[in-house]
Amino acid sequence: MTDSKTSANSANSANSDENSLAGHLLVAMPNMSDPRFERAVIYVCAHGEDGAMGLMINKLVDQITFPEMLEQLGIDNADVSDQIRVHFGGPVETGRGFVLHSTDYRQDSSMAVDAQIALTATVDILRDIAGGQGPRRSLLALGYAGWGPGQLDQEIQANGWLHVDPDEQLIFDADLDDKWQRAIGKLGFDPFSLTGHFGHA
């Protein structure tokens, strides 16, 4: 976890584009060729001419628990349970932590993605969560998914991703096994019917 002021400022500017997908969910198409993103659901935190950044919300990290992470950071974890799970946010900077959370909690370095969801990447939020002073709802992730300028738009045009409006329940729900199906369900049609009929845009 680091101070996120610089990244927050750049992300805020990236989200100024009226066509930005920030605050939306990316849902991997059934024919996703990259195994890291198979059936992935990603919350887009920033999207603009400089690129895009998001956190996967339906896969976990197996190597470390929240209490173990706190111990490594020197934060008291005596009263912390394993109920707070560590998600695999994406393949970029997998040693860096991010917390996606409800906007009832804010730090100077927090980045508001929309009216309901913010992103914070400092150790202080972990300390507050451990002490029971954190946000009402949160999702802790290691690493993130990142795209260079225009890359995400190209992948969407190539039918690698669908995008849907999110809801807080879907983002923070602990039931990960069917998150992809529920996100797909928000579209109102069967994505498997698309894979053989949609060409490249």
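**Figure 1. Met 29 in the loop between β1 and β2.** In this predicted model, Met 29 is found in the loop that lies between β1 and β2. With a relative accessible area of 3%, Met 29 falls under the 20% limit and is therefore buried.

Figure 2. Strand β2 is largely enclosed by the rest of the structure, because 8 of its 8 residues are buried. On one side of the pairing scheme, β1 and β2 are joined in the antiparallel sense over 3 bridges. Within this pairing, Leu 26 has Ile 42 of β2 as its bridge partner. Strand β2 is also joined to strand β3 (residues 51-56) by 6 bridges, and these two strands run antiparallel. Here His 47 has Ala 52 of β3 as its bridge partner. Strands β2 and β3 form a hairpin, with 2 residues between them.

**Figure 3. The aromatic pair of Phe 37 and Trp 161.** The whole structure contains 3 aromatic pairs. Phe 37 has a relative accessibility of 9% and so counts as buried. Trp 161 is likewise buried, with a relative accessible area of 3%. Ring pairs link Phe 37, Trp 147 and Trp 161 into a cluster.

**Figure 4. The aromatic pair of Phe 98 and Tyr 144.** What is the arrangement of the rings of Phe 98 and Tyr 144? The two rings form an edge-to-face pair, with 5.6 Å from centre to centre and 80° between the planes. Phe 98 lies in strand β5 (residues 92-102) and Tyr 144 in strand β8 (residues 138-147), so the pair ties together parts that are 46 residues apart in sequence. Both Phe 98 and Tyr 144 are buried.

**Figure 5. The salt bridge of Glu 93 and Arg 96.** The structure holds 8 salt bridges. In one of these, the side chains of Glu 93 and Arg 96 meet at 3.9 Å, N to O. Are the two partners buried or partly exposed? Glu 93 counts as partly exposed, because its relative accessibility is 41%, whereas Arg 96 is buried, with a relative accessible area of 16%.

Figure 6. The side chains of Asp 124 and Arg 127 form a salt bridge of 2.9 Å, N to O. Both residues lie in helix α3 (residues 123-130), and they are 3 residues apart, about one turn of the helix. Asp 124 is partly exposed, with a relative accessible area of 42%. Arg 127 is also partly exposed, with a relative accessible area of 41%.

Figure 7. The side chains of Arg 182 and Asp 178 meet in a salt bridge of 3.1 Å, N to O. Arg 182 has a relative accessibility of 27% and so counts as partly exposed. Asp 178, at 26% relative accessibility, likewise counts as partly exposed. Elsewhere, salt bridges that share partners join Arg 136, Arg 137 and Glu 168 into one network.

Key: Residues are numbered from 1 along each chain as its sequence is written. This is a predicted model: local features need pLDDT of at least 70, side-chain atom pairs count only at pLDDT 80 or more; totals for chains, interfaces and linings use all residues. Side-chain values use heavy atoms; hydrogens and water are left out. Rings of Phe, Tyr and Trp (its six-membered ring) pair if their centres lie within 6.5 Å; planes under 30 degrees apart count as stacked, over 60 as edge-to-face and the rest as tilted. Buried means under 20% relative accessible area, exposed over 50%, partly exposed in between (1.4 Å probe, protein chains only). Helices (H or I, at least four residues) and strands (E, at least two) are DSSP runs, numbered from the N terminus. Two strands pair if DSSP finds at least two bridges between them. A salt bridge is a side-chain nitrogen of Lys or Arg within 4 Å of a carboxyl oxygen of Asp or Glu.
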